[in-house]
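Hi,

Here is the structure I promised to send over. Have a look at it first, and my notes follow below.

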Amino acid sequence: MQMTNGRIFFGGDYNPEQWPEETWHEDVRLMKDAGVNSVTLGVFSWSKLEPHPGAREFGWLDTVMDLMEANGVGVVLATPTSSPPPWMGRLHPDTLPRDEDGRTEWWGGRQHFSHSSATYRRYAAAITEDLAARYAGHPALTMWHINNEYCTHDHGGEAAAAFRRWLRTKYRTLDALNTAWGTAFWSQGYDSWDGILPLRRAHYLKNPAQVLDFRRFTSDMLLECYCAERDIVRRHTPHLPVTTNFMPLWSGQDGWRWAAEEDVVSVDLYPDPRDPLGAQYGALVQDLTRSQARGPWMLMEQAAGPVNWRAVNHPKPPGLNRLWSLQAVAHGADAVCYFQWRQSRQGAEKFHSAMVGHAGEQGRTFQEVKRIGAELRRIGAEVSGTHGTRDIAILHDWHSWWACDQDGRPSAHVEYPEVLRAWHRALWEARLATDFAHPEHDLTAHRLVVVPQLYLLTDAAIDNLLAYVAGGGTLVCGFLTGVADEDDRIRPGGMDPRLRELFGIRTLHEWWPLDAGESVACAGGLRGTLWSEEIEADGTADETVPYQGGELDGLPAVLRRGRAWYVSTLPEPEALRALLIRVAAGAGVRPVLDGLPAGVEAVRRGELLFLLNHGREPVTVDVPGTHHDLLTGAAVTGRTTLGRYGAAVLKP
């Protein structure tokens with residue numbers, strides 16, 4: 001479903017209920033000045049819309065909707081269901097979630113709802129129904145936004161009953177559940193469905209298969225909540241797209257499954273301005289979100305300046321907000337939005353920046369916002385709706401992440417998101433453009449498939465990888481891949497035998513995790529970190545890179561058999577980058593642009609070439625041929641200069 005119709009959405013969360021009505025008119029004046037064409041209304045307005053049970057106070061929202069329409073600003077209307085009014089928890093304690101210790105999470109913050117509560121779901125459906133009925137025909141309405149940052153967990157009684165129902169649907173019999181969970185271990189066998197609890201505090205280690213299923217259940221329960229509200233608004237406005245905003249690389253939702261239920265995939269993205277790899281982290285989230293969307297996506301929230309939830313909240317230096325906004329567009333965003341429009345004067349986020357900060361329209365932040373709005377208007381018609389497939393796919397799966405993130409594992413230092421980020425960083429710094437994919441997706445469009453770590457792989461996923469290589473694709477896998485099946489049952493030999501044959505491994509004798517700060521030497525100057533493995537090759541590998549010194553001296557650290565590579569450690573950044581450059585070249589994959597200065601990112605979107613200088617010093621970039629810079633209107637022949645945090649959008 002098309003989102004933007006030849007333009008880029010630009011705006012942010014607007015919370016007029018925090019301000020007197022005279023401020024609303026000042027807001028629309030500033031919105032027009034900044035080129036804002038979209039605002040998200042109503043995200044946290046439930047107590048304003050329904051101040052007591054069954055009441056409906058829509059008058060203020062009518063006024064705001066009409067005001068937006070009169071000034072040419074479209075509205076992404078949110079259902080307010082992420083933060084129920086205090087009266088709901090007071091009158092209906094069953095709507096409040098409980099933690100693993102059985103403690104209630106009370107109102108007074110946000111997201112205080114039990115995803116399994118029938119009462120909560122009934123009230124959420126009612127307010128959604130009335131919102132959709134009232135505003136379905138309003139000319140300002142352009143999209144629906146359901147709830148906000150779904151992230152609640154619940155371990156209470158109603159969640160327990162829902163978990164049992166979910167398990168009965170999945171396993172049908174207790175024998176099947178006991179087999180899947182391996183309950184013969186520690187005398188955990190269940191003789192009754194009623195004996196099964198959601199995760200509760202345990203004396204020692206919890207059953208990892210139960211933990212895995214509870215994470216799956218939680219994602220599914222939240223998805224049920226989303227789909228119930230989505231279906232209501234779709235019934236009233238089948239022509240309008242529906243979304244909900246993901247948090248970046250968050251573990252609580254199966255993002256592939258959720259994305260399939262959205263018309264538009266959206267994400268909230270807050271890299272740390274002081275992180276030297278903040279741009280790479282942004283690119284990772286953007287690549288993943290674009291891949292989930294299988295096309296253009298929506299940056300629902302970013303910060304115009306500092307956030308309020310880090311230990312130290314640094315502002316963005318001049319130019320960085322613009323640079324990261326253009327980076328999102330380069331990586332496929334058709335919407336660049338913020339939390340929020342006007343900075344709050346009260347409440348928990350009054351120190352979180354906004355498009356209009358406490359300094360007002362004369363402040364640097366708003367002046368930069370105006371520039372971003374003007375530039376997005378210039379490039380919108382050229383870029384909106386365009387997308388393509390990258391030659392490289394990085395495989396990522398939430399179920400594998402959930403399974404490997406368990407107590408009792410070989411090394412607490414191995415954190416899946418950090419391993420994933422290390423491999424993406426190597427490709428990003430090599431200027432090799434990447435998509436993401438699920439391990440069971442069709443991979444044939446990609447020349448190279450990269451698996452940083454997939455501890456859990458289904459039989460279907462393994463068959464998919466084998467077929468991909470047999471069909472001529474190049475595969476490179478990191479350590480601790482293919483270890484467990486979908487029930488977190490260790491596969492024979494510690495790695496699936498089919499994968500061992502693929503890589504030329506006879507026996508995986510032992511995993512040898514490394515201590516924090518420890519490294520291991522390998523041939524060719526490569527040094528490994530975090531992990532190593534005692535591997536015996538089967539003699540069929542075409543190439544090996546052995547460990548040097550220590551207990552694993554002479555054993556293979558890296559193996560290649562045909563077009564399949566296995567890397568049994570995490571090489572230091574430069575070594576991993578060099579290895580992946582070599583593998584990519586062998587697969588026929590080239591950088592987007594050769595010879596780029598350090599810190600410069602080149603991204604192609606459609607026929608446009610985005611050049612992004614993530615450094616603090618000006619640089620000159622060689623660009624073959626003649627282009628037109630859409631940001632400045634200037635002709636570019638042969639080379640162009642990018643200032644500090646500078647950017648160019650070049651059209652041939």
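Let me start with a cysteine: Cys225 counts as buried, at 4% relative accessibility (buried means under 20% relative accessible area, exposed over 50%, partly exposed in between, with a 1.4 Å probe and protein chains only). Its sulfur lies 9.6 Å from the closest cysteine sulfur, that of Cys227, which is too far for a bond. Cys477 is buried too, with a relative accessible area of 0%, and its closest cysteine sulfur, in Cys404, is 14 Å away, again too far for a bond. The structure holds zero disulfides, a disulfide being a pair of cysteine sulfur atoms within 2.5 Å.

A word on the source: this is a predicted model, in which local features need pLDDT of at least 70 and side-chain atom pairs count only at pLDDT 80 or more, while totals for chains, interfaces and linings use all residues. Residues are numbered from 1 along each chain as its sequence is written, and side-chain values use heavy atoms, with hydrogens and water left out.

There is also an open sheet of five strands, with antiparallel pairing and the order β22-β23-β26-β24-β25. (Strands are DSSP runs of E, at least two residues, and helices are runs of H or I, at least four, numbered from the N terminus; two strands pair if DSSP finds at least two bridges between them.) The edge strands, each pairing on one side only, are β22 (600–605) and β25 (635–642). β22 pairs with β23 (residues 608–613) over six antiparallel bridges, and Val603 has Phe610 of β23 as its bridge partner.

Best wishes
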